[in-house]
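Open the model in a viewer, with the sequence panel alongside. The stops below say what to select next and what is there.

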Amino acid sequence: MGKPKLRNLPDLRDRVAPNAEIAVRVTPKAAADRILVRDGTIRIYITAPPENGRANEATRELLAVALGVAPSELILKRGQTSREKVFVCQA
């Protein structure tokens, strides 16, 4: 999997805290990778398909860039097979 082209990602560094839970809604197989924040809800659009955890991994990597942390700092707590996911930030 190649690195996504990242443009105009929102700055989500204010949400980084030890053991902070970050809820997101994911749309796989989108036209482009992007993150939208509306009314406090984080919506992530990923080009990866929801097969073999590829969309989960792509979501984790894109969210990590927006949060300004390493992808290894984010752990998927809930939503392995759902569009509604909760990540825990270990930073």
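The expected span of a helix is 1.5 Å times one less than its number of residues. Helices (H or I, at least four residues) and strands (E, at least two) are DSSP runs, numbered from the N terminus. This is a predicted model, in which local features need pLDDT of at least 70 and side-chain atom pairs count only at pLDDT 80 or more, while totals for chains, interfaces and linings use all residues. Residues are numbered from 1 along each chain as its sequence is written, and side-chain values use heavy atoms, with hydrogens and water left out.

**Helix H1**

Select residues 54-67, which form helix H1. From first C-alpha to last, the 14 residues of H1 reach 20 Å, close to the 20 Å expected at 1.5 Å a residue. The buried residues of H1 pack against S1, S2, strand S3 (41-45), S4 and S5, where contact means heavy atoms within 4.5 Å.

Next, pick Asn 56, which counts as buried at 17% relative accessibility. Leaving aside residues up to four places away in sequence, Asn 56 touches Leu 76, Gly 79, Gln 80, Lys 85 and Phe 87. Then step to Gly 68, which follows H1 and has a positive phi, near 75°.

**The sheet**

Now show the strands: 5 of them form an open sheet with mixed pairing, in the order S2-S3-S1-S5-S4. Two strands pair if DSSP finds at least two bridges between them. Strand S2 (34-38) and strand S4 (74-78) are at the edges with a single partner strand each, so one side of each has no neighbour in the sheet. On average, neighbouring strands of this sheet are turned by 35° against each other, direction ignored; axes are lines fitted to C-alpha atoms, for helices over the stretch in contact, and angles run from 0 to 180 degrees between N-to-C directions.

Select residues 20-27 and 84-89: these are strands S1 and S5, which run antiparallel and are joined by 6 bridges. Val 24 has Lys 85 in S5 as its bridge partner.

**Two loop residues**

Finish with Asp 39, in the loop between S2 and S3, and Asn 52, in the loop between S3 and H1. Phi of Asp 39 is positive, near 55°, and Asn 52 has a positive phi of about 55°. Asp 39 is exposed at a relative accessible area of 83%; Asn 52 is exposed at 80% relative accessibility.

Note on methods: Buried means under 20% relative accessible area, exposed over 50%, partly exposed in between (1.4 Å probe, protein chains only).
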